[in-house]
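Please read them beside the structure.

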Amino acid sequence: MVQMETQLQSIFEEVVKTEIIEEAFPGMFMDTPEDEKTKLISCLGAFRQFWGGLSQESHEQCIQWIVKFIHGQHSPKRISFLYDCLAMAVETGLLPPRMVCESLINSDTLEWERTQLWALTFKLVRKIIGGVDYKGVRDLLKVILEKTLTIPNTVSSAVVQQLLAAREVIAYILERNACLLPAYFAVTEIRKLYPEGKLPHWLLGNLVSDFVDTFRPTARINSICGRCSLLPVVNNSGAICNSWKLDPATLRFPLKGLLPYDKDLFEPQTALLRYVLEQPYSRDMVCNMLGLNKQTLNIAQHKQRCPVLEDQLVDLVVYAMERSETEEKFDDGGTSQLLWQHLSSQLIFFVLFQFASFPHMVLSLHQKLAGRGLIKGRDHLMWVLLQFISGSIQKNALADFLPVMKLFDLLYPEKEFIPVPDINKPQSTHAFAMTCIWIHLNRKAQNDNSKLQIPIPHSLKLHHEFLQQSLRNKSLQMNDYKIALLCNAYSTNSECFTLPMGALVETIYGNGIMRIPLPGTSCLASGSITPLPMNLLDSLTVHAKMSLIHSIATRVIKLAHAKSSVALAPALVETYSRLLVYMEIESLGIKGFISQLLPTVFKSHAWGILHTLLEMFSYRMHHIQPHYRVQLLSHLHTLAAVAQTNQNQLHLCVESTALRLITALGSSEVQPQFTRFLSDPKTVLSAESEELNRALILTLARATHVTDRPVTYLYNTLHYYEMHLRNRESLKRKLVHAIIGSLKDNRPQGWCLSDTYLKCAMNAREDNPWVPDDSYYCKLIGRLVDTMAGKSPGPFPNCDWRFNEFPNPAAHALHVTCVELMALAVSGQDVGNALLNVVLKSQPLVPRENITAWMNAIGLIITALPEPYWIVLHDRIVSVISSPSLTSETEWVGYPFRLFDFTACHQSYSEMSCSYTLALAHAVWHHSSIGQLSLIPKFLTEVLLPIVKTEFQLLYVYHLVGPFLQRFQQERTRCMIEIGVAFYDMLLNVDQCSTHLNYMDPICDFLYHMKYMFTGDSVKEQVEKIICNLKPALKLRLRFITHISKMEPAAVPPQAINSGSPAPQSNQVPVSLPVTQ
């Protein structure tokens, strides 16, 4: 090392030494050009000899020493001469250009204050950077951009000219025609340094922002039109795909690549999360959207607190408080009651699994409610908070719950006593909630010997005295809500809790003596026949309900062990069924039923109890999550193989339960569950039963009428047998009429089929079937739009979704709409086209300002129908691609990216069929299953490839399919590869059919984005052959994708300035250089 430095010192000091008189009078003595040249040759000769003897490992160190030596000089003449030496060393092939550039730019002593050094450095880099490989150019761009940030905002105008040398290098790197690197690399480095909203350094002027703007078309190609307005139907099979994923920290869409996407795509998608949270039975979808995994919560360090989820839950509570101000009644089954019930369930789940922090939420609620005067809903809010407090206060610190008292001070400003409510009404349990909270807090403080004991608030004294007095009454009756109040108040105090809970349990168990006969031979059951009413169960806190269901399960297990010949009491069975609908008690509820109770009863050979439990599961339970149903199927298969179960009645029950489970499962629900129970997915469910495997995979042996799920039965039958029923309109009508008509007496009017259908289709003659007009389809779509928008009153009657066939209004609306459409005496193709025409034709019933919500509804409906209904979209796309606006350059004189921008076209009333079809196709494909999307590659290669000949057509196809590459990459890689190759095949078509491409830069930018974000090298082999056949201009731009060792750009024609890229500068020429991959 020392020897190398000594030798270098002697070489360079020899050529820069000057006479004393030159030092004394700087600038007065001039070397002739010949003298300069002689010195340069002499210096390089000596250095060449030295460099030849150096090992490869020492090269970089050697160059760094030279740069340090140059930067250590003070004489401008010496510095300039040494830079000339470096330049000549690179130009003659002595030094590698990348190493020289990196050593110069990375030097600590390259500072903007040394303006001559700064200017000479960047002039040299500008001169030799053409010989640097593309990855090296990317790295240099990054460092140069960082160096420019060291220049302050105000500098003397005298030095600006020299500082601009750095800008010249950046301009050359960004010059499209120079092709020093993929422009995609450059924009990535720029966006890392200058993310959305951050302005570039003043030295760079508009250079960087203009360059970034040239990538807006690429960002648009990768964007789903109107994505921020698209909403799922919760618990619909399409809702569990990757389309709805959000970043759990920011709630933004997980956009691929650092492209300048439209501003709304960078915004937090609070409206989407809020909409999903508002839907009953949405918690699994919320977890899927935000990547929250409750499985990891056994490990403390894996707690996944999600502040954005907290914020939305708080906002939902505030919204419920606002709604309560305007609603007169609460316990009428109205929207306010349903909303508070749902909120309670959501809050318990997300706080229990520590995705949300209880104290944080309470403080946030206080902040958002302060000064609002919203107090009509205060009892309901306290009821929601009581649910969590009573169930978790024993395991957590008292301090976590004290913020509730701050909320109490805000919402209960009364100075006088609050009167005791009418305890004959279920709402009374909400009115007592705050007092119950205080009792739990006080009990915790006593148990912890805490100094934080809080005296009973003055306004709650009458409530507290009433509870204490009720506790002294040892004979509690079931004719009011006193028992529920006591259970809620004292569930954490075992001494006081035993009395009211005992009264509940005794009611459903019977006294142990009385028997009642059941159908069958010598069948007797315990005598209690009246189950606990739903209003009472709803009035119990989660903690109390958990105690009750635990007591019931323990009782059943005890009876199973005793091999009792007496059947379970009807009241116990029905109460247990009702308790199992509460998702907030899942761990002791359905989870305990499937994984503990059934196996225990089975092991005890208590066949009578087992029979009862299976019938209970078949007929009395709702909205069971798919993984529990698959788990039960596995149990049933084991059970069927046991000899003792060969009693006809029990065996039939096992078969019937299994069949009902199978027919209730959708294929998208089954598939994710296989690997949860089996290490080898090839065995699927059962190694012995091929029939069960086949039934499960097909999920449809739809040979049984499922009366408790009439719409599901109709939907599955009409969907699965669409081909067989296609020309049998009267059979379809009779089927729908028989099933829906049989329910008219126990369903409210308007619950299912539209009035128009009931009036026109049900009574149509076979020889003159009814053919609906456009207005019919518009009204049908509008019904789903209004349902999803939460319109009040809604298109369908209110109901308790816990006991409904579907889990929420939108799921109900979607399925009844599909049933009606499939039952029409019209072909699937005609129905599909009519649905598309709702937005593709001018319709007076479709409001312009809400068009994306209508497209969303069409996307949901059409993808939930059989293939003939949605495949017509392909014909519409072909029609648009073949239209004059895309096939003829003279037809549309303008910028194609404006032509394809649905939002801009719609807002400016300049919409065209191509932008509308694009937006509608995006809405449909966004809601499609991966199975439906997997037809796109075939559509591209067999239908579109032969007709795509123009640049506009090519760009339209890229816009159409580009946004779905991310989903194909995640769910169906083979399709992504096929699409990637098809994109290049289309480009070759267009290149061969065009004399010149005006938009080759956006096209190439998109193809680089596809390579680096999605396909990688998976399509390299096919793509290389295609790129070799492109014209020189395209070949030059795409050369970094291939392994072609050298490209000759001499034949590149001058580029048009309107190519969506910065105009080329006169001093920038393409450089011929080797390319490494």
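1. Tyr-184 is buried, at a relative accessible area of 2%; buried means under 20%, exposed over 50% and partly exposed in between, with a 1.4 Å probe and protein chains only. This is a predicted model, in which local features need pLDDT of at least 70, side-chain atom pairs count only at pLDDT 80 or more, and totals for chains, interfaces and linings use all residues. Residues are numbered from 1 along each chain as its sequence is written, and side-chain values use heavy atoms, with hydrogens and water left out.

2. Rings of Phe, Tyr and Trp (its six-membered ring) pair if their centres lie within 6.5 Å; planes under 30 degrees apart count as stacked, over 60 as edge-to-face and the rest as tilted. The count by this rule is 35 aromatic pairs. One of them joins Tyr-184 and Tyr-1012, stacked with 6.3 Å centre to centre and 10° between the planes. Tyr-1012 is partly exposed, with a relative accessible area of 29%.

3. Tyr-576 and Phe-593 make a tilted pair, because their planes stand at 55°, with the ring centres 5.9 Å apart. Tyr-576 belongs to helix α28 (residues 570-579) and Phe-593 to helix α29 (residues 590-603), 17 residues apart; helices are DSSP runs of H or I, at least four residues, numbered from the N terminus.

4. A cluster linked by ring pairs holds Tyr-134, Tyr-184, Phe-185, Tyr-1008, Tyr-1012 and Phe-1040. Over the face of Phe-185 lies Arg-138, 5.0 Å from the ring centre; a charge sits over a ring if NZ of Lys or CZ of Arg is within 6 Å of the ring centre and within 35 degrees of the ring normal.

Notes
Helix = DSSP H or I, 4+ residues; strand = E, 2+ residues; numbered from the N terminus.
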